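Visitor: I have not seen this one before. Can you take me through a few parts of it?

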Amino acid sequence: MNKFDTFVFDLDGTLLDTLPDLVVITNRALGELGFPPRSHDEILSYVGNGVRALMCQAVPEGTSPEQTDAAMEHWKALFPDYRNDLTKPYPHMRETLAELSARGAKLGVLSNKFDAGVQQVMNQFMPGTFAVMHGECDGIPRKPDPAGLLRTIEELGSTPARTAYVGDSPGDVKVAQNAGAFAIGVSWGYHHADELRAAQANVVIDSPEELLRFASERS
C-alpha cells in the first residue's frame, strides 16, 4: 500500500460540513438583493467551484454579469461577520488529523473557497492544525489547475510523490492527478462515491480514520 508523509485537504465537504451555512448565507445575499431563494439541493449542486460559480448559478437565469458580480461581492461582504453556527467538522476528523500530526505528517488545505473565507473558517474550527492553507486568490487558481496544489506541496517542504490529496469531488481527484499526487476521494461529502471512482480516484474511503492506512509511520 502507498504511504505518504504529506496530506493536503479540500475544505467544504471534506474537512467540514459547511453546506447548512452556505444555504443560509447564499439565500441571505440573494434576498437582500431582491432575488428569490434557492433550495438546499440547488445550492448543494452549485458548491465546489468558488463563490463566483456559486452565485452565477444561484441568481435567476438572465441576470446580467454586473448584477451577478454584485451578488458575489455582497456574499463575500456578508461572510466576515457570519458566525457559521451550523458548520461542523465531520465525525472523527479532528482525531484523525491529530494522529496524522503525531506521526509527523505535513498537513495543508487547498480549497476553491475564496482565500479569506478559508482562513476564517479554518482558524475558527481547526486552529493550528494545518501548516499551509490556501483558497482561491491571485497565484492560487481554482482546481483542477494544479498550480495551487503544487505551491502548497512546495510550501510544506514536500513533493507530489510523497503527497495524498484528499477531497470529495471529481475536481479534487483531477487536481491530484494534474499535480502528480495520490488522489483520495471521500464518500461522506457532497458528491457520490461513484463520481469519484468514475474520475479514477486512486482510492475512495468511507471514514476519516481510513486515512491512517496511507500515512507513513514516524521514523
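Predicted model: local features only at pLDDT ≥ 70, side-chain atom pairs only at ≥ 80, totals over all residues.

Visitor: What is the angle between α3 and α4, and how far apart are their axes?

Guide: The angle is about 125 degrees and the axes are 9 Å apart, with α3 covering residues 51-58 and α4 residues 65-78. Axes are lines fitted to C-alpha atoms, for helices over the stretch in contact, and angles run from 0 to 180 degrees between N-to-C directions. Helices are DSSP runs of H or I with at least four residues, strands are runs of E with at least two, and both are numbered from the N terminus.

Visitor: Which residues meet there?

Guide: From α3 they are V51, R52, L54, M55 and C56, and from α4 they are T68, D69, A71, M72, W75 and K76; contact means heavy atoms within 4.5 Å.

Visitor: Which residues of α3 are buried?

Guide: V51, A53, L54, M55 and A58 are, where buried means under 20% relative accessible area, exposed over 50%, and partly exposed in between (1.4 Å probe, protein chains only). Those buried residues pack against α1 (19-32), α2 (40-46), α4 and β4 (106-114).

Visitor: And C56, how far is the nearest cysteine sulfur?

Guide: It is 19 Å away, in C137, and C56 is in no disulfide; a disulfide is a pair of cysteine sulfur atoms within 2.5 Å. The structure holds zero disulfides. C56 counts as partly exposed at 42% relative accessibility.

Visitor: Changing topic: which peptide bond is cis?

Guide: The one from K143 to P144 is cis, with omega near 15 degrees. P144 sits in the loop between β5 (132-136) and α7 (147-155). Most peptide bonds are trans, and most residues other than glycine have a negative phi.

Visitor: What is the phi of N84?

Guide: Near 55 degrees, a positive value in a residue other than glycine. N84 lies in the loop between α4 and β3 (88-89).

Visitor: Is Q200 buried or exposed?

Guide: Q200 counts as exposed, at 61% relative accessibility. Its phi is also positive, about 70 degrees, although Q200 is not a glycine.

Notes:
Residues numbered from 1 in each chain as written. Heavy atoms only, no water.
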